[in-house]
Amino acid sequence: MKTTEKQHTPINGNDLIALGYPENEILGIALKINKKRNGFTKTEMLQKYAELLAYPEDFLNDKLFKSLANGFRDGLHLPKHNEIPLNEHPNAYPIYGKEQIEEGALKQMNLAMQLPVTVAGALMPDAHQGYGLPIGGVLATKNAIIPYGVGVDIGCRMALSVYQLPASYYEQHHDTLKEIIVKNTQFGAGQGFHGQYKADHAILEDPKFETNALIKNLKDKAWSQLGTSGGGNHFVEFGLIDFQQDDQALNIPKGTYLALLTHSGSRGLGATIAGHYTKVAKQVCSLPYKAQNLAYLDLNSEEGIEYWLAMNLAGEYASACHEIIHQKITKALGAEVLAQVENHHNFAWKEMYQNEEVIVHRKGATPAAKGVLGIIPGSMTAPGFLVRGKGEEKSIQSASHGAGLQMSRTQAIKSLNQSDINSYLNDFGITLIGAGKDEAPMAYKDIYEVMNAQHDLVDVIATFTPKMVRMADDGLRED
């Protein structure tokens, strides 16, 4: 019984808060100690925690608990004199597809609404838990920007090229298309091009690379990774896009066409910028412990201006990466492009909301202002949708950025069987190059339920069906 309790009954923050532990740095130290349990059961550990809370001086020389006792001695459990209080009566916000959203994402969004700089928020139907703002979270703030409200993969985006090639072209030229997609893309965390294989683009001459030493020193990495797709859920795929009627705005007649769809972001450039400025924000913005990942920068401050410039550079760089990928593949195909559509997420925009300028963070959410085009992918086997925004103010003119995960990546890797995945992909006629079990179709929510939950936010123009998908297979997120 003792062994079973030790193995299967973890201690979490709520257990310690119930004992009287404050939600600040001391809680983090206490939870870190629990990872080393040294054979104690949950009951025994909680008893130790309770004793230490009452008499921390008795544990100053205890091998396991001395760091926690020292934290109490140093006053880490006391409120910081400069701590920024949260709003105890935040505004309500709309939740689209709430029944499909995990509790962790809801808690993160509720906390974000308590920030003193928050003006409004919304949660998209593909939402799931992330760092700081949940993925699928939209947050409007007053003159403040949250690095973790933007995300690690700054400016991550979708890009679509519709070719003047019929649907039949795919089956007739399957092997050629596979060769083209392999030769003209590169995946994996840390991967890049070298020597004569490096791409050239005007983004490398952008003066924002001279913002400071940090950004300047990232230029070589940015050059190497220009035109690559990285790891995680990034992909390059051929598919068939079906227009049920003529689209006059895009000048595309009704029909089904071969198309190229890409999803990736700002690679190591964006990841480094995100990590650095999150640390800076936490240093200058002293929020309560539970809200530390929502630390923000005043846009009138030097740090805020620096991050704003760096974020925009990363977004433009991500766009350049897509441009190069599409140019290479289009050239190899020798096909005419009927239309190109691009939209991004993991970004912040200056927009008007209820007659005032706000900073709109869309972390894994698609801009959906009236008439604005966007792409909402499903999974390897589920369709994606080319959409046109309706400009719904309640959603802060936003929509989902995909189907969204219904299980964690770790859960997917542990629970899914590769042979079952392969069989499922074969049933849908998908040619897969790369990808780990965490990107299996079963790991994602039902895209039709997601789209149904946001019919007030976007109109569907065309349906994209994936046929050939390339992804990273190194299992890493980003460098």
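**Helix 12.** I looked up which residues of helix 12 are buried in this predicted model. The buried set is Arg267, Gly268, Leu269, Gly270, Ala271, Ile273, Ala274, Tyr277, Thr278, Val280 and Ala281. I then looked up what these buried residues pack against: helix 7 (147-150), helix 10 (213-217), helix 11 (219-225), strand 7 (297-298) and helix 13 (302-333). I also checked the span of helix 12, residues 267-284. Its 18 residues, at 1.5 Å a residue, should span 26 Å, and the end C-alpha atoms are 26 Å apart, so the two agree.

**Helix 3 and helix 5.** I noted that two packed helices are described by the angle between their axes and the distance between the axes. For helix 3 (residues 25-34) and helix 5 (residues 66-73), the axes come within 9 Å and cross at roughly 170°. That angle makes the two helices roughly antiparallel. On the helix 3 side I listed Ile26, Ile29, Ala30 and Ile33; they meet Ser67, Leu68, Gly71 and Phe72 of helix 5. The contact has 6 nonpolar residues, 2 polar and no charged.

**Asparagine 346.** I found asparagine 346 in the loop between strand 8 (337-344) and strand 9 (347-353). Is asparagine 346 buried or exposed? Its relative accessibility is 12%, so it counts as buried. I looked up the polar partners of its side chain next. A polar atom of that side chain lies 3.1 Å from the backbone oxygen of aspartate 153, and the side chain reaches the backbone nitrogen of glycine 364 at 3.0 Å. Leaving out residues up to four places away in sequence, asparagine 346 touches Val150, Asp153, Ile154, Gly155, Cys156, Arg362, Lys363 and Gly364.

Definitions and conventions:
Residues are numbered from 1 along each chain as its sequence is written. This is a predicted model: local features need pLDDT of at least 70, side-chain atom pairs count only at pLDDT 80 or more; totals for chains, interfaces and linings use all residues. Side-chain values use heavy atoms; hydrogens and water are left out. Helices (H or I, at least four residues) and strands (E, at least two) are DSSP runs, numbered from the N terminus. Buried means under 20% relative accessible area, exposed over 50%, partly exposed in between (1.4 Å probe, protein chains only). A polar contact is a pair of N or O atoms within 3.5 Å; within protein, one must be able to donate a hydrogen and the other to accept it, and residues adjacent in sequence count only if both atoms are side-chain atoms. Contact means heavy atoms within 4.5 Å. Axes are lines fitted to C-alpha atoms, for helices over the stretch in contact, and angles run from 0 to 180 degrees between N-to-C directions. Angles under 35 degrees count as roughly parallel, over 145 as roughly antiparallel, 65 to 115 as roughly perpendicular and the rest as oblique. Ala, Val, Leu, Ile, Met, Phe, Trp, Tyr, Cys and Pro count as nonpolar, Asp, Glu, Lys and Arg as charged, and the others, Gly among them, as polar. The expected span of a helix is 1.5 Å times one less than its number of residues.
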